[in-house]
Amino acid sequence: MKINMDIIKCKDEDEIGRRAASLVAETIHREPHCILGLATGSTPVGMYKNLVKLYEQGTLDFSKVRSFNLDEYYPIQPEDPQSYRYFMNENLFDHINIDPANTYVPHGNSENPEMVCEAYDLMIQAAGGIDLQVLGIGNNGHIAFNEPSDHFPAGTHVVDLQESTIKANARFFDSEQDVPRQAISMGIGSILRAKRIILLASGEAKAEAVKACIEGPITPLCPASALQLHPDVTVFVDEAAAKLLSK
Ligand code: PGA
């Protein structure tokens, strides 16, 4: 079978973090005004640590970079430690010289989330589109909060979280009941418009989703399989997440 994604097999999560960070750093060196699409979750944490290190070493300048995050819970306040805005501040923005006004995370506390969604896609477009989009992948093949369903959502939209995602994310909350039941998420269409995409996956729990994403049929039952339609995707996987791949 022809695989048109670039697969980079790494020993472990540490190596994924290092190599993904150098790819992001190269992008910023090449285009200091670049637009990054950023992701939350445990997988990109190592990449963010390495980016902070490069900034501290004086080799990386974020002063002209703008960023758009994939998603945010709804409803949630930005200062809530479980919000993705808080996560991004803690893991990256507070430790580098990016202008906070140039960091966008969907507003999870608006009374009109549909309007937030519409405005978000327009803002990305007005900024010139995402140059490099970073993605994680859910155990069920979701990317951002695009859950398995009967269609690929086009633009940023309000999502009802699936039971499996609520359970998977409950580890970050005091209890499963505290996980918000909705989210605002970029659509598959929004993601595919990025010029370049990198997907990070580590651990055995991701092995089936990684296989379905790369080698399975293109189907909204595995939202990540839509990435096969994109001409420039690089997947960083560790040995455990790659173990079901045919090559
Ligand atoms: P994780 O989440 O990095 O915490 O495993 C990835 C995702 O659900 O997209």
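Ser67 is buried, at a relative accessible area of 0% (buried means under 20%, exposed over 50%, partly exposed in between, with a 1.4 Å probe and protein chains only). The model is predicted, so local features need pLDDT of at least 70 and side-chain atom pairs count only at pLDDT 80 or more, while totals for chains, interfaces and linings use all residues. Residues are numbered from 1 along each chain as its sequence is written, and side-chain values use heavy atoms, with hydrogens and water left out.

Ser67 sits in strand E3, residues 66-69 (helices, H or I of at least four residues, and strands, E of at least two, are DSSP runs numbered from the N terminus). Leaving out residues up to four places away in sequence, Ser67 touches Leu36, Leu38, Phe93, Ile98, Asn102, Thr103 and Tyr104 (contact means heavy atoms within 4.5 Å).

Ile198 belongs to strand E9, residues 196-201. Ile198 counts as buried because its relative accessibility is 0%. Beyond neighbours within four places in sequence, its contacts are Ala20, Leu23, Val24, Leu132, Gln133, Val134, Leu135, Thr234 and Phe236. Leu23 is 175 residues from Ile198 along the chain, yet their C-alpha atoms are separated by 9.0 Å.

The largest pocket holds about 710 Å³ of space. A pocket is found on a 1 Å grid over the protein atoms alone, as an open set of points where a 1.4 Å probe fits, with protein on both sides within 12 Å along at least five of seven lines; lining residues have an atom within 4 Å of a point. Its volume is the space filled by probe spheres set on the points, which are joined across faces, edges and corners. There are 35 lining residues, and Gly41, Ser42, Asn169, Arg171 and Phe172 are the closest to the centre. Strand E4 (71-74), helix H3 (84-91) and helix H5 (163-169) each give two or more residues to this lining. The largest share, 5 residues, comes from H3. By class, the lining has 16 nonpolar, 15 polar and 4 charged residues (Ala, Val, Leu, Ile, Met, Phe, Trp, Tyr, Cys and Pro are nonpolar, Asp, Glu, Lys and Arg charged, and the others, Gly among them, polar).

Around the ligand are Gly41, Ser42, Thr43, Gly136, Ile137, Gly138, His142, Arg171 and Lys206 (a heavy atom within 4 Å).
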